[in-house]
Each structure stands twice: as C-alpha cells, then as structure tokens.
Amino acid sequence: MDLNQDLVPVAADCAEAEATSDMVDYTFAVFALEVLSSAGVTTGSDSQGPSNAQLPRSIAIFLGNAMQRWPLDRGDLEAATLKLAINTTNTEHGAAAFANADLLSLLADRIGSGYRMVQNAIGSGPLEGDFYDELVLLLGVMINIVEHSPPARASVRDEALDGLVALWHGNRQTVSEVSVALGYLAVLLGYLCLTTRGRERIKARFGNGEGIQSLVGSIRDFVAMYKTVDSKVHELEALVNELRSHDARGK
C-alpha cells in the first residue's frame, strides 16, 4: 500500500463524512494507522504533503468519536484509537490538531468518568487490567496534547477544568491501585496550570495559597517513583521548575 495515496485519504474521507465505527473503511483506517504508528511509521509530517498534514485532524475526529462511548462502551476499536492518538500527539504538529475545546473538554470528562469507574471496580473486586490501561492511555493522550500545544492548555472549558481539579484534590492523598493514574493526573494539571486560569482554579479549590505547592509535590513524587523507567523525567522536572517560578511570582 502507498500510504500517501491510499490510507491517508481513506482516513480523511471517513472523518469528513462523519463515518461511524460500524463502517468497514472506518474500522480499517483506525486499525491500520494504529499498527503503523506503533511500528514507528511517521504518517503526519508536514514534509509528506498536504494529505498527510490532514491526518492528525482525522485522528482527532476518530478520538472524539471513540470517547463518545467510553468508558461505558469499550472495545478493541476504542483501545486502538487511544493507542493511535497517543502516538500522534507526541509532537507539536500532531498535538496542534487536537487543540479543540470540545474535544479536550470531552477528554477531561471521560477521565473523570473512567477514574470513578476504576474506583468502583476496586471496591467490588479485582480491577480489570485493560480498562485501567486505557484510562492511563487517555491521561497520556491529554498530557501529550497540552504539553506540546500551548493553545490547547487554554482550550479546556472551565467546567471540565474544575472537574479535573476536584478529582485530583479529592484523591491526591490516596495510596491505592490507581496511584499511577493520579500521578498522571497531577502532571496533566501541571501543564494546565502553566496558564493563569489553571493556576487560579487550583488556588480557588484549596483556598489557602498552597494549591500549586501541593501539585508540585505530587508531580515530584511521581517523578521520583518513575525516574528509572520514564524517559520524560527531564521534561517533568522542567514543568516543576516552571510551576514554582509562577508560584513564586504569585501569578
């Protein structure tokens, strides 16, 4: 298959036509693109021409479609879409296509829904591993977007942002099977707090001026826990330093 001539236009056509996941072309496009992205095949570079410049936008639409049903309706297609999205959003070019208020607010809402479902599952029996993995993947996708796209940080709507802040605030001292997800959530909020609005939301929730310091502490704990295995440690340490700088200036 010539990727530029065949698969990318199929993906664009499915996205633009608002094709549904029960269509063969739609399902084929998602699974094929996920396999290629996991194999390290670059499909979204500007140097590959205008059709491939469209690809991240198509994948953003696929992600929005998948998250309409998640986590209540989960399957192989939703899992593949999350993997495709995380492989697409790890560059500035890819992440820029996801800087959409509707999409980011939807992702924030689904993070909250997924976390609560995981908590309920832990309370009633063994945790379903693939579900938790998908929650962490979703957090990773949103982290990628707001890390690489500054405009995306300001695109999350107030209600969705408040929901993420409340979720972290209410669970930040919890030590359980979901500690990794909480660490990712702290990192996500860290990037969102590089905006004035994000910092104001954290400070309003705490009401004592210690919100950013507490968030920095959570991120540092996460960094320390995964320092030996996480290749992004230096980016997270830079995030901590930037948050501290904002906090010291009181802005």
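Student: Does H11 pass H14 in a left-handed or a right-handed crossing?
Tutor: Helices here are DSSP runs of H or I, at least four residues, numbered from the N terminus. A crossing is left-handed if the near helix is turned anticlockwise from the far one by less than a right angle, and right-handed if clockwise. The way H11 passes H14 is left-handed.

Student: Which pLDDT must side-chain atom pairs have to count?
Tutor: Residues are numbered from 1 along each chain as its sequence is written, and side-chain values use heavy atoms, with hydrogens and water left out. This is a predicted model: totals for chains, interfaces and linings use all residues, local features need pLDDT of at least 70, and side-chain atom pairs count only at pLDDT 80 or more.

Student: Which orientation class do H11 and H14 fall into?
Tutor: Axes are lines fitted to C-alpha atoms over the stretch in contact, with angles from 0 to 180 degrees between N-to-C directions. The axes of H11 (residues 179–192) and H14 (residues 233–249) come within 10 Å and cross at roughly 50 degrees. Under 35 degrees is roughly parallel, over 145 roughly antiparallel, 65 to 115 roughly perpendicular, and the rest oblique. H11 and H14 are therefore oblique.

Student: Which residues of H14 does H11 meet?
Tutor: Contact means heavy atoms within 4.5 Å. From H11 come Val187, Gly190 and Tyr191; in H14 they meet Glu235, Leu236, Leu239 and Leu243.

Student: Is Ser58 buried or exposed?
Tutor: Ser58 sits in helix H4 (residues 55–69). Beyond neighbours within four places in sequence, Ser58 contacts Ala11, Ala12 and Ala15. Buried means under 20% relative accessible area, exposed over 50%, partly exposed in between (1.4 Å probe, protein chains only). At 0%, Ser58 is therefore buried.

Student: How many residues apart are Glu134 and Arg74?
Tutor: They form a salt bridge, with the closest N and O atoms 3.2 Å apart. Glu134 lies in H8 (residues 129–148) and Arg74 in the loop between H4 and H5 (76–88), so the pair links distant parts of the chain. A salt bridge is a side-chain nitrogen of Lys or Arg within 4 Å of a carboxyl oxygen of Asp or Glu. The separation of Glu134 and Arg74 is 60 residues.

Notes:
Helices (H or I, at least four residues) and strands (E, at least two) are DSSP runs, numbered from the N terminus.
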